[in-house]
There are 2 protein chains.
Amino acid sequence: MVDKEKVRGCILLSALKRFSHYGFNKTTMAEIAKDCSMSAANLYRYFKDKAEIGLCITKNHFEREHKIIIDIIERKGSPSKKLGQVFLALVNYNASEFDNSPAIMELVDHVCTNGSELIDAHREKMHFFISKILKEGQQSGDFRVSNIDETAKTIAFASIPFHATPVFLLLKCGGHTRETMQEMALRVADLMVKGIKKKKK
Amino acid sequence: MVDKEKVRGCILLSALKRFSHYGFNKTTMAEIAKDCSMSAANLYRYFKDKAEIGLCITKNHFEREHKIIIDIIERKGSPSKKLGQVFLALVNYNASEFDNSPAIMELVDHVCTNGSELIDAHREKMHFFISKILKEGQQSGDFRVSNIDETAKTIAFASIPFHATPVFLLLKCGGHTRETMQEMALRVADLMVKGIKKKKK
DNA sequence: AAGATGAATATTAACTTGATTATTCATTAT
DNA sequence: ATAATGAATAATCAAGTTAATATTCATCTT
């Protein structure tokens with residue numbers, strides 16, 4: 001028996017390539033199946049339907065994003081710097097995912113209308129990660145934050161332009177290049193960090 | 001001769017009402033004309049075409065927004081507080097404009113594709129206003145900002161979720177209420193202000 | 001049984017074409 | 001002249017039809 005996960009992986013990869021290039025709607029199940037050398041009917045043994053394939057791709061995207069952030073958090077280094085690194089990593093990861101993906105907005109649309117649980121969970125995760133950095137800074141004495149939860153919520157909100165896909169794509173359309181976005185990520189993070197840094201005597 | 005500006009104002013107001021309720025596309029020139037007791041043909045003596053009406057409405061919207069900000073800037077008060085007031089005013093003005101406007105996104109779409117100069121000019125203005133607040137703070141000794149222009153750009157970028165209409169509407173769809181947005185506006189501004197405040201000895 | 005398929009059916013999307021709407025212009029009214 | 005209009009034309013939209021695609025299922029293969 002061939003590893004079921006391998007097959008699922010092939011389907012998701014083929015689907016993502018086509019969704020990125022030609023769009024979620026224009027991509028047919030037959031095409032995805034052909035890329036994996038199988039019949040369209042057989043796809044349904046691995047995924048409930050096309051919609052689920054789209055959501056699954058997004059789930060994986062979010063999970064990779066989380067891994068990147070966790071790596072940064074677990075790294076040695078000052079919490080002050082970590083926030084900027086996270087913001088920058090978000091821009092870089094999303095830019096690399098969405099460059100050369102002219103039709104990706106269709107998948108985003110699909111997720112926005114059919115994957116609100118996914119999005120909610122992602123928001124929670126972001127909030128959790130930023131809380132973690134704040135707590136670390138609090139303990140190490142780098143930060144002085146009176147209400148960690150509220151501050152994390154604020155910073156998570158400010159991070160939206162750097163990773164929330166529709167906003168991110170919107171900004172790229174609105175004349176912001178990858179370089180501007182990187183710069184803004186670092187500067188916004190920096191300004192907020194300055195706001196919570198413990199004053200040196 | 002009836003004041004030409006009065007007529008233009010009537011057209012713009014009628015159009016906005018219909019665009020907000022029924023959408024830019026569903027609204028016909030005949031309907032707008034009827035609201036102003038004139039023929040559809042006559043509209044073309046006041047506006048080049050329907051597209052221009054949409055852009056003109058947006059221009060006025062931006063101008064009102066600018067007036068609100070100028071008022072805040074010219075007010076007596078500490079520059080530290082003004083930034084938060086501006087962010088909050090942006091949320092409130094945009095929320096009041098777009099509540100009860102179920103179809104406004106169509107107009108936004110139109111402006112995004114056909115009004116890039118308008119949008120660019122608006123961005124510049126925002127940058128200018130924030131620079132002004134920073135300079136005031138610098139002079140009064142409230143702030144210590146090494147590069148005013150860059151910092152203004154950063155803060156202007158961070159303000160996007162609070163007034164850039166497509167992002168604003170996106171966030172409202174994404175579970176953010178008017179109250180959350182108000183809270184976030186104040187908190188984000190506050191955190192950035194803390195980052196540029198001159199340390200007390 | 002598990003893995004896969006082709007053919008059958010249900011959904012969607014693409015393509016007409018008839019109807020609406022945007023826009024122009026010659027003409028009328030003031 | 002300026003202001004406005006109705007009728008004519010051009011562009012766009014919408015309803016209905018046809019073609020493609022998604023999804024199911026009975027069947028075949030291993």
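How many salt bridges does the structure hold over all chains?

1. The structure holds 27 salt bridges over all chains, a salt bridge being a side-chain nitrogen of Lys or Arg within 4 Å of a carboxyl oxygen of Asp or Glu. This is a predicted model, in which local features need pLDDT of at least 70 and side-chain atom pairs count only at pLDDT 80 or more, whereas totals for chains, interfaces and linings use all residues. Side-chain values use heavy atoms, with hydrogens and water left out.

2. Within helix α4 (residues 50-74) of chain B, K59(B) and E63(B) lie 4 residues apart, about one turn of the helix; helices are DSSP runs of H or I with at least four residues, numbered from the N terminus. Their closest N and O atoms are 3.7 Å apart, in a salt bridge. K59(B) is partly exposed at 43% relative accessibility, as is E63(B) at 36% (partly exposed lies between buried, under 20%, and exposed, over 50%, with a 1.4 Å probe and protein chains only).

3. R64(B) also forms a salt bridge, with E97(B), at 3.9 Å between the closest N and O atoms. R64(B) lies in α4 and E97(B) in helix α5 (residues 79-98) of chain B, so this pair ties together parts 33 residues apart in sequence.

4. The side chains of D49(B) and K48(B) meet in a salt bridge at 2.9 Å, N to O. K48(B) is exposed, with a relative accessible area of 62%, while D49(B) is partly exposed at 23%.

Conventions:
Residues numbered from 1 in each chain as written. Chains lettered and ligands numbered in written order. Helix = DSSP H or I, 4+ residues; strand = E, 2+ residues; numbered from the N terminus.
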